[in-house]
Amino acid sequence: MKTEAENRGDDQILVHDSSVDHKRRLPLRASTGVWKASLFIIAIEFSERLSYFGIATSLVIYLTRVIRQDLKTAARNVNYWTGVTTLMPLFGGFLADAYLGRFSTVLVSTIVYLFGLSLLTLSTLVPSLKACGSEPCDEPRKLHEVLFFTAIYLISVGTGGHKPSLESFGADQFDDDHAEERKQKMSFFNWWNSGLCAGVIFGVTLIVYVQEHVGWGMAGVILTSVMATSLAIFLVGRPVYRYRAPLGSPLTPLLQVLVAAFTRRNLPYPSNSAHLYEVQATDKVHGRLLTHTNRLKFLDKAAIVGETSNSAGKQSPWRLATVTRVEELKLVLNMIPIWIASIPFGICVAQTYTFFIKQCATLDRKIGNTFIIPASSMFCLAAVGMIISVAIYDRLLVPILRKTTGNERGITILQRIGIGMIFSFMAMSVAGLVERKRLGVVKGSPTKGSGAMSVFWLGPQFLIIGIADGFALVGLQEYFYDQVPDSMRSLGIAFYLSVNGAANFVSSLLITAVDRITGKSSGGKSWFGDNLNTSRLDHFYWLIAGIVAVNLCFFVLFARQYAYKSVQRTTVADCFDGDGKAGGVTSAV
């Protein structure tokens with residue numbers, strides 16, 4: 001038997017976190033994982049975000065200009081597509097965790113994504129497949145509409161497997177049981193989003209410029225080529241990756257706890273939680289052991305060993321669950337109010353792809369006498385805001401906060417999300433003020449309209465929503481990866497993505513509801529007219545700001561009562577909490 005010192009030395013050479021290398025052996029710490037592997041993974045994320053935002057930010061413009069949809073229909077279609085795109089990862093994340101594994105899921109989904117980009121390129125490049133045979137035309141070809149929507153929804157399917165699997169695969173390159181790698185993982189999410197934002201900036205500047213001044217077909221050629229190249233780069237990094245095998249459906253153990261708790265509902269609670277059933281650390285094959293918490297105590301019934309249970313280890317998991325399994329179910333249930341409370345933030349983000357971009361199209365976008373900024377390119381200010389906030393937070397604030405709070409993260413995850421929600425409230429408030437000024441300019445100069453107003457008036461709202469993303473969006477990524485059971489981490493990233501998906505659907509429903517209510521109660525004049533000049537987006541933005549403010553109060557209440565995941569540690573410390581502190585379960589805010 002090895003001594004503790006020998007085990008420590010072994011841990012410095014090999015990685016013992018249930019991962020394997022590309023030859024299915026224990027990974028060597030020095031030659032696999034961490035940043036050497038993550039850089040390959042961030043490269044393909046750059047390509048995916050380049051493609052997604054190159055399409056998403058111009059989609060409302062394409063639907064109104066080329067396919068001739070009115071503003072309300074185009075906004076709803078963008079929200080539906082964005083909603084499907086961000087809800088599909090629930091399915092992709094489940095497949096990755098349960099059956100395919102994260103690497104294989106990334107590979108397959110990227111190929112599907114590539115096929116969607118190729119079809120989109122053909123529908124906008126081949127003359128017989130274009131929207132119009134001659135420019136302009138009043139009625140686009142039905143074949144083009146079918147191919148166009150098929151292509152963008154194929155991209156949705158590709159994103160569904162790509163997004164949750166790639167990000168969790170990147171985070172898997174860092175060992176949670178190794179102090180230095182655990183700190184590096186906290187920075188990983190920050191720099192992952194910096195790479196993501198770099199893709200966003202090029203997508204909403206270079207790609208959008210090509211779309212407007214050269215054509216959508218050429219933009220599609222660029223996106224398809226970049227995606228194919230990044231796929232090749234991703235495959236080159238295969239020898240340095242750390243892989244985790246799928247463990248079967250992550251939902252089955254959760255269901256087993258519910259059944260066992262119901263079966264043992266009449267058993268009395270033991271006088272000490274230490275008497276609840278748990279496997280020994282030496283018997284643990286996959287995942288880490290969690291410490292017991294007193295929340296949702298009725299679920300503890302599933303881990304009570306009855307007096308007649310002579311051999312608990314031989315009992316069916318449908319009749320007796322371990323403390324770890326019980327705590328995993330508690331983690332999932334505790335996420336529900338946080339997930340719901342994050343939706344109003346997602347509604348704010350949804351406006352940047354639709355109404356913010358449409359506002360840009362009505363303003364003066366000239367720089368000098370000749371160059372005109374594409375409307376969608378203004379979105380790069382949001383990406384810039386996010387990069388700046390992430391860099392300042394990671395390099396300046398976190399080191400200071402670590403010393404003052406004693407927390408490895410600087411502040412807790414939910415505190416970071418809450419700060420982002422405050423910025424989203426500010427963004428919607430500012431957007432309402434700027435829109436009111438724009439409407440005033442239109443009223444004062446009916447002939448020139450809002451063309452007399454510079455597009456840079458919209459700069460503050462883009463920058464503030466970008467700063468909000470740097471706190472809340474990155475915080476949500478980290479929260480849904482870190483606080484789910486270890487076997488559900490791809491699904492955890494999918495939960496994060498589904499916040500934006502649900503928010504887009506809610507945003508569409510909100511537009512429909514507000515349109516009907518204001519159309520009946522405001523003398524027949526809806527807040528959403530045929531164009532922006534006959535609409536009242538300022539009122540709509542302030543309505544969203546009010547929703548965010550009320551929701552923030554509930555979020556703080558939930559966050560203050562939240563108990564983070566507490567993992568049993570045997571080498572680094574006795575236990576480690578998900579909020580970044582060593583020790584027992586603590587509150588969030």
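Q: At what angle do helix H13 and helix H14 pack, and how far apart are their axes?
A: This is a predicted model, in which local features need pLDDT of at least 70, side-chain atom pairs count only at pLDDT 80 or more, and totals for chains, interfaces and linings use all residues. Residues are numbered from 1 along each chain as its sequence is written, and side-chain values use heavy atoms, without hydrogens and water. H13 (residues 413-444) and H14 (residues 459-482) pack at about 155°, with axes 8 Å apart.

Q: Why is H13 called roughly antiparallel to H14?
A: Angles over 145 degrees count as roughly antiparallel. The angle is about 155°, so H13 is roughly antiparallel to H14.

Q: What makes helix H10 largely enclosed by the rest of the structure?
A: Buried means under 20% relative accessible area (1.4 Å probe, protein chains only). In H10 (residues 343-353), 11 of the 11 residues are buried, so the helix is largely enclosed. Among them are Phe345, Gln351 and Tyr353.

Q: Why is the aromatic pair of Phe169 and Tyr241 called edge-to-face?
A: Rings of Phe, Tyr and Trp (its six-membered ring) pair if their centres lie within 6.5 Å, and planes over 60 degrees apart count as edge-to-face. Phe169 and Tyr241 are 5.1 Å apart centre to centre, with 75° between the planes. The pair links distant parts of the chain, 72 residues apart.

Q: How do you know that Phe169 is buried?
A: Its relative accessible area is 2%, so Phe169 is buried. Tyr241 is also buried, at 0%.

How values were computed. Axes are lines fitted to C-alpha atoms, for helices over the stretch in contact, and angles run from 0 to 180 degrees between N-to-C directions. Helices (H or I, at least four residues) and strands (E, at least two) are DSSP runs, numbered from the N terminus. Angles under 35 degrees count as roughly parallel, over 145 as roughly antiparallel, 65 to 115 as roughly perpendicular and the rest as oblique. Buried means under 20% relative accessible area, exposed over 50%, partly exposed in between (1.4 Å probe, protein chains only). Rings of Phe, Tyr and Trp (its six-membered ring) pair if their centres lie within 6.5 Å; planes under 30 degrees apart count as stacked, over 60 as edge-to-face and the rest as tilted.
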